[in-house]
Amino acid sequence: SKPQVLVARAVFPEAVARLSEHFEVETNDSDELWPKAELIRRLQGKVGVFTTGSERIDAELLDACPQLRICANMAVGFNNFDVDAMTARGVLGTNAPDVLTETTADFGFALLMATARRITESELFLRAGQWTKWSFDMFAGAEVHGSTLGILGMGRIGQGIARRGAHGFGMKVVYHNRSRLSPELEADCKARYVAKDELLRTADHLVLVLPYTPANHHSIGADELAQMKPTATLVNIARGGIVDDAALAQALKERRIAAAGLDVFEGEPRVHPDLLSVPNVVLTPHIASATIATRRAMADLAVDNLIAFLTTGQPRTPVNPQVLGRMRGQ
Ligand code: GLV
Ligand code: GLV
């Protein structure tokens, strides 16, 4: 009989059909995450699982599912994986990088522009029937072209945003990252490496695109917000938890920065109530990679990883390739 695989949340039927050519597949057909005990129960006898990025894969789950050998995320981020616990047990994790880079950079730029130019705030005003007259400074926002674009986290998505800003909008680009880009990539993005303090002080628009790790928890909190320009905008398309949402709401309320655009939140899908009550924020429900073409490509890559690993041992995008030499259960 075929090896068994679990699909932990509803996804494109074509993705399930491809998996079914190779595996006996059980699926969650709903958009609800299974509670941990349910996920563990469903994983019994499964060698692989298709995850969407929210299912927590930790030591407790791995110990309760000794047959599991691969967790394939349909997301570039993999902070739902306890990678050390997986590696220690010889369980492979894969993510879905590259296929979402340009789409996500498009969205980051859209959120930057909507935030700087106060699109949401002005639309709510119009819809509420409050547009009865013109005034000279009505919804006057911040300049985008020619301004200074700051990027914290200069991976592929950060570079995509830098290119859009530098080449499309004539922005001066500064960035901070754990490591510096090569001179060739810096030239391509027209981006200048700066210390984090300088990034915070000089950016007119600061976009966060760094992965979530415990070390990045609250990378932007009250102290960092205090260093930013009072006219600055902050955009988070990275992960909830990178920003201290309570501190941000307070800064927005007191106009210590001008505005924020947020696609990710601490504890999402819940949103800090203070963020819901300040006007100078654009809020979207974690949709930066959401085009049909890109979501299909992400699902296809997760499926490719499951098929390739379980049939040939050669996944396309492993996050802990060190386990490949010493696979679980062999
Ligand atoms: C989405 O947030 C992803 O990590 O792909
Ligand atoms: C992160 O992996 C990115 O693609 O920016």
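Residues are numbered from 1 along each chain as its sequence is written, while chains are lettered from A and ligands numbered from 1 in the order in which they are written. Because the model is predicted, local features need pLDDT of at least 70 and side-chain atom pairs count only at pLDDT 80 or more, whereas totals for chains, interfaces and linings use all residues.

Student: What distance separates the centres of domain 1 and domain 2?
Tutor: The chain is divided into domain 1 (4–98 + 292–323) and domain 2 (101–283), with bounds that come from an automatic or database domain assignment. Taken over C-alpha atoms, the separation of the two centres is 32 Å.

Student: Which strands stand at the edges of the open sheet of 5 strands?
Tutor: Helices (H or I, at least four residues) and strands (E, at least two) are DSSP runs, numbered from the N terminus, and two strands pair if DSSP finds at least two bridges between them. This sheet has parallel pairing and the order S2-S1-S3-S4-S5. Pairing on one side only marks the edge strands, namely S2 (24–27) and S5.

Student: Which residue of S4 stands opposite Thr51?
Tutor: S3 and S4 run parallel and are joined by 4 bridges. Opposite Thr51, the residue in S4 is Asn73.

Student: Which residue is the bridge partner of Leu149 in S9?
Tutor: Strand S6 (residues 148–152) pairs with strand S9 (residues 205–208) in the parallel sense, over 4 bridges. For Leu149, the bridge partner in S9 is His205.

Student: What span does helix H13 reach from its first C-alpha to its last?
Tutor: Helix H13 (residues 292–312) has 21 residues, and the expected span of a helix is 1.5 Å times one less than its number of residues. That expectation is 30 Å, and the helix comes close to it with a reach of 29 Å.

Student: At about what angle to S4 does H13 run?
Tutor: Axes are lines fitted to C-alpha atoms, for helices over the stretch in contact, with angles from 0 to 180 degrees between N-to-C directions; contact requires C-beta atoms, placed from the backbone, within 7 Å. H13 lies across S1, S3, S4 and S5, and its angle to S4 is about 160°.

Definitions and conventions. Contact = placed C-beta atoms within 7 Å.
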